[in-house]
Amino acid sequence: MEQSGTSTLLQGAVQDLASGVVSALRGGDHTRSVLPAGTDGEAGDLALAAVRVLGSDALLPALLLRTPPDPAEVAVFRKAVEAYPPRADAAPTVRWSHWGMARTLRRVDPSVTAGPPDEPGTGWLDEAGWQTLTHQLAVLAPLALPGEDCAVSRLAGCHPVDVARGFVRAVRRRDWRQAAGAGRWLTLLPAVPDTVGLASGLDFVELMGGQDPLVALHVQAARLMRSGARV
Amino acid sequence: MTDTRLIHTVGVGAMEWLWTHRDGFRLEPDADPEVGFLERFKPVGELALVCKVLFREGVAGSRQAQLARQLLDHVWRETLDGGTMLVRGQRTEPASPIPFEVYLPFRELGYSRPEVERAVVLNHRLDSWQAFEATPTRRLGLSAFQRRFGLTPRPSESEALRTTWLARTPEPWTVEGHIAYDITHCVFHLTDWGENPEGLTPDIAGYLATWLPAWIDDWLDLKRWDLLGELLVVDACLPRPTLDEPAWQAFAAAQQPDGAMPAIRTMPEGDPEAVFDIVYHSTLVAAFASVLATSRALTELARVR
């Protein structure tokens, strides 16, 4: 029971954090810190874990709105990156998520002098069908950032029709998180079929699933990227 | 690419079941006027259309072709009473296009009932027939059937096509069951039930090639075998059919040992007539998808060689 209670608490913390990111993305309100200031004690551990779950999207307002993040937020983010290195047997998505956080940290924290971390491979997607590919890309939607190149984004760029089909599949299955993540990737990919109707599709995903802040986050990120936001 | 034998076997089983259950193709001369005598004609017309495809493609085995011919003879002689029932239906509801729709494939297969033809020619002259309120896809089908009968379609097929869902190539994520059936039937009419794949305009063919895999995946997952079968027919009508392996394997696995194809998930139980009414369509569709996909698979083989 305790474990399930912790898991519920963590989910709540992730949702709260995502809601803060969505508000910042929507309002362009940079004065309010999204990330919690203190990371001491049990509440602090929970906050750090929530940042780790959200990945580099925890600092998405700073990236997409191109405003310098609050140094205190950067410190929390850095702590989360350092507190949760991927284990040796971690799933590829976990490794990539951590890699994305390290990349973001280098961008926002001038005190990080280490070179860019090595990219994990994309071999696990070599034989993936369009369904699995879209699902995994949606999990890695925080890597979908304009102008930010990596092996995952290059792979996605080679499969616009596959990801578009995956978007349709996710909407049909009412899997709004996957649909929002796939939609976010589609805003960045070349040669996406026009008939997918992406702008309305994102609005539809938000209408149907936007009460989940993780859905709203990707939809809002996609909108900003469609309107030309750069990192 | 799916094993052609597997695809072919689905059709063999389906025809065996249809032949065994041929008495399910029945009319209700004393139907409640609220329901209408013509309601039960639809299965007969669909059977004739599918049997026509089977003869035309020429890929059915001799047993299958023989069953198709026996079935056609049976429903023409027994169910339609040599066409008398079509005449009776026409006299019951003179302006209804249903007797015409059922008659056309029989006529193309060599059966004849001159009274029905006279009524068709007269009806075709009526503004009432042109003004007949129908869904855009059915309207397209009526125009296509008029052309096949030798009449000038009113409205023209290109005009009828314009108002269909598919012609506007809308957002693919909005497709649900009813829209999906509109899509499949639009393709049937545009291609003369698979006879002329070039009847699909390049933009519609491209749209379908892009999105059909997503729809097939979805209705496969939902085990909606009737709709999945129709989507597999659409695939076989495309310039480059995928003959989707997971879909065909699951479709074949869903078929019962006696050849029946459940409409949704598993076979219903109960009164044989009620069961027939639920699964005859999905079983016909299985025969239809099988013969078209087999034909396309063999064409691909010939091309490779």
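**View 1. Chain B is built from helices.** In this predicted model, chain B has 14 helices and 0 strands. Read from the N terminus on, its elements therefore run α-α-α-α-α-α-α-α-α-α-α-α-α-α.

**View 2. The overall dimensions of chain B.** Here is how the fold fills space. The C-alpha atoms of chain B occupy a box of roughly 50 × 40 × 40 Å along the principal axes. Chain B has a radius of gyration of 19 Å, and this agrees with the value near 19 Å for a compact globule because that is what 305 residues would give.

**View 3. Inside chain B.** Of its 305 residues, 48% count as buried. Among contacts in chain B with a separation of 6 or more, 70% join residues 24 or more positions apart.

**View 4. Where chain A touches chain B.** Chain A brings 14 residues to the contact and chain B brings 11 residues. On the chain A side, H8 and helix H10 (198-209) each supply at least two residues. H8(A) gives the largest share of that side, with 7 residues. Sorted by class, the chain A side holds 6 nonpolar, 5 polar and 3 charged residues.

**View 5. H8 of chain A against H11 of chain B.** The axes of H8(A), residues 160-172, and H11(B), residues 202-221, come within 9 Å and cross at roughly 40°. The crossing is right-handed. From H8(A), look for Val161(A), Arg165(A), Val168(A), Arg169(A) and Arg172(A); from H11(B), find Thr210(B), Trp211(B), Pro213(B), Ala214(B), Asp217(B) and Asp218(B). Together, these contact residues divide into 5 nonpolar, 1 polar and 5 charged.

Terms used:
Residues are numbered from 1 along each chain as its sequence is written. Chains are lettered from A and ligands numbered from 1 in the order in which they are written. This is a predicted model: local features need pLDDT of at least 70, side-chain atom pairs count only at pLDDT 80 or more; totals for chains, interfaces and linings use all residues. Axes are lines fitted to C-alpha atoms, for helices over the stretch in contact, and angles run from 0 to 180 degrees between N-to-C directions. Helices (H or I, at least four residues) and strands (E, at least two) are DSSP runs, numbered from the N terminus. A crossing is left-handed if the near helix is turned anticlockwise from the far one by less than a right angle, and right-handed if clockwise. Two residues are in contact if their C-beta atoms, placed from the backbone, lie within 7 Å. Ala, Val, Leu, Ile, Met, Phe, Trp, Tyr, Cys and Pro count as nonpolar, Asp, Glu, Lys and Arg as charged, and the others, Gly among them, as polar. The radius of gyration is taken over C-alpha atoms; the globule rule is 2.2 Å times the number of residues to the power 0.38. A residue is buried if 20 or more other C-beta atoms lie within 10 Å of its own, exposed if 12 or fewer, and partly exposed in between; C-beta atoms are placed from the backbone.
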